[in-house]
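Welcome! Let's take a friendly walk through a protein structure, one region at a time. Keep the picture open beside the text as you read.

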Amino acid sequence: LLPLQSQLSQALNGLSDRAKEAKEFLVQLRNMVQQIQENSVEFEACLVAQCDALIDALNRRKAQLLSRVNKEHEHKLKVVRDQISHCTVKLRQTTGLMEYCLEVIKENDPSGFLQISDALIRRVHLTEDQWGKGTLTPRMTTDFDLNLDNAPLLQSIHQLDFVQMKVSSPVPAPPILQLEECCTHNNSATLSWKQPPLSTVQVEGYILELDDGNGGQFREVYVGKETMCTVDGLHFNSTYSARVKAFNKSGVSPYSKTLVLQTSEDTQSEEQTLPFPVPLERSQLRRMSPFSSTLNLQPSFSGRSYFELRSSAHQLSLHSSLQSLNSAVAWFSFDPSSAHADIIFSNDNLTVTCNSYDDRVVLGKTGFSKGLHYWELSIDRYDNHPDPAFGVARIDVLKDAMLGKDDKAWAMYVDNNRSWFMHNNSHTNRTEGGITKGATVGVLLDLTRRTLMFSINEDQQGPVAFENLEGLFFPAVSLNRNVQV
């Protein structure tokens, strides 16, 4: 009896393992449903952006072709109207000559007729010769010799399709955080993870995310192939949540279970700690997108001056403040959830443009309330000399007007020649020097001094733009369809 009971117990253990695996598999499938929905939304947005770009290009070409038709129309009308005017004058002269000759013929004075008859005959023949061959032939046809060959383009549109579908291999399983190897030391945290033992799906890398230590949104702090990462420069005496996911060519796995970490109590000053630090070994995950990557979010390094300030004392102080940025970097992207509906996102929300000719506002995902922050935005496209605006704003800023039109935004708007600062619809400090395609706009938000400054191509643009800033500020941009940053 005992051997049979032991055999049954072992069999049940194996069946229990299969049941546990089945439950985990069901969780994975349910997570896949959510991931498919998210990927579908992202893919549809990219597809719409690409098709809209084609439509915009076709509309621009349509306008160019219509302009050529209008020029041809005006040219034909001018030629015909000139011929009408010329012919009318000659006909009037001919009719006058005929009437005069008829009157002369009726005269009863033979001597008078003889005196002028030869001259009149020569004049009549000369006038008749002027109505020679081609004079009464239209110089312009009514047909428009402009044939639009749209067959190749229509064929291309009908053949428009996805070049290559994603590989049908499955996405990775969610990684497992190895609790025995995860630890904190002072204001640093070390996290370690691995793939599930039974997983055979190839993994290309991992994405580690932490929240801000106050229960806020998760942010990427590491992307790479390693399975261990140490995050330095966290707040002391704070509770952080961490999670990790894997990715390959087929997609991204569900998240691992969330791990809660507690940093040590503060034994030193935190004056140089920024809201969200990132380890120095962080590398960015770049996906394929219809637009090029143009938004550069760069930390400031000691020895590099982004602004040439007039006050040497202030300049030394600024350099000292910039050096403190070496200890931590707050990575952020544009925020689709708070942006105007006309804003178009691409490149993992690092690139934005607009489908409206009116100015629309988009904010960054990260808000700043203390410390020193500097970021740069690159002008990827600049058509017809619009005036985009760059700066900071409250979360409830107007989204359907130029940045700075209300009292919740502080901005610099700039065209191809000059710039102005604007807050609460008040324009100040007109400064020569504008932007073109490829230009870089820098924004320096110093919440220690409570000031906001701007640069174009690393040269300070105007004086200190705004002072006495206090509260929570989000990076902000307003632009229309003629601009992409």
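## A buried aspartate and its surroundings

Asp-446 has a relative accessible area of 3%, so this residue counts as buried. Please keep in mind that everything described here comes from a predicted model. Asp-446 sits in strand E19. Which residues does Asp-446 contact, once its neighbours within four places in sequence are set aside? They are Gly-371, Leu-372 and Thr-451.

Between E13 and E19 (residues 440–446), 7 bridges make up an antiparallel pairing. Within this pairing, Leu-377 is placed opposite Val-441 in E19.

## Two loop residues with positive phi

Now follow the chain onward from E19. Arg-450 belongs to the loop between E19 and strand E20 (451–456), and Asn-457 belongs to the loop between E20 and E21. Both of these residues have something to show in their backbone angles. For Arg-450, phi is near 65°, which is a positive value in a residue other than glycine. For Asn-457, phi is near 55°, again a positive value in a residue other than glycine.

## A hairpin

Another piece of the chain to find is the hairpin made by E10 and E11, with 4 residues between the two strands. In its turn, Asn-347 has a positive phi of about 55°. Strand E10 (residues 343–346) runs antiparallel to E11, and 4 bridges join them. Ile-343 is set opposite Cys-354 in E11.

What about the two faces of strand E11 (residues 351–354): which residues cover each side? Thr-351 and Thr-353 are on one side, Val-352 and Cys-354 are on the other, and all of them are buried.

## An enclosed strand

Why can strand E4 (residues 205–210) be called largely enclosed by the rest of the structure? The reason is that 6 of its 6 residues are buried. On one side of E4 you will find Gly-205, Ile-207 and Glu-209, and on the other Tyr-206, Leu-208 and Leu-210; every one of these is buried, which leaves both faces covered.

E4 also has strand partners. It is joined to strand E7 (residues 239–248) by 6 bridges, and to strand E5 (residues 219–224) by 5 bridges. Both E7 and E5 run antiparallel to E4. Glu-209 is a handy residue to look for, as it stands opposite Arg-243 in E7 and opposite Glu-220 in E5.

The table below gathers the strand pairings met so far.

| Pairing | Bridges | Sense |
|---|---|---|
| E13 and E19 | 7 bridges | antiparallel |
| E10 and E11 | 4 bridges | antiparallel |
| E4 and E7 | 6 bridges | antiparallel |
| E4 and E5 | 5 bridges | antiparallel |

Next, turn to the second largest pocket, whose volume is about 920 Å³. It is lined by 27 residues, and those closest to its centre are Glu-24, Ala-173, Pro-174, Ile-176 and Pro-196. Helix H1 (2–106) and strand E1 (176–177) are the elements that give two or more residues to this lining. The largest share, 9 residues, is supplied by H1.

What kinds of residue line the second largest pocket? There are 17 nonpolar, 5 polar and 5 charged residues in the lining. Where does this pocket lie? Domain 1 (1–131) and domain 2 (176–262) both give residues to its lining, so the second largest pocket lies between them.

## The whole chain

Finally, step back for the overall view. The protein chain contains 4 helices and 23 strands. Of its 485 residues, 40% are buried. Among the contacts in the chain with a separation of 6 or more, 66% are between residues 24 or more positions apart.

Notes. Residues are numbered from 1 along each chain as its sequence is written. This is a predicted model: local features need pLDDT of at least 70, side-chain atom pairs count only at pLDDT 80 or more; totals for chains, interfaces and linings use all residues. Side-chain values use heavy atoms; hydrogens and water are left out. Two strands pair if DSSP finds at least two bridges between them. Buried means under 20% relative accessible area, exposed over 50%, partly exposed in between (1.4 Å probe, protein chains only). Contact means heavy atoms within 4.5 Å. On a 1 Å grid over the protein atoms alone, a cavity is a set of points where a 1.4 Å probe fits but cannot get out, and a pocket is an open set with protein on both sides within 12 Å along at least five of seven lines; lining residues have an atom within 4 Å of a point. Grid points are joined across faces, edges and corners, and a volume is the space filled by probe spheres set on the points. Ala, Val, Leu, Ile, Met, Phe, Trp, Tyr, Cys and Pro count as nonpolar, Asp, Glu, Lys and Arg as charged, and the others, Gly among them, as polar. Domain bounds come from an automatic or database domain assignment.
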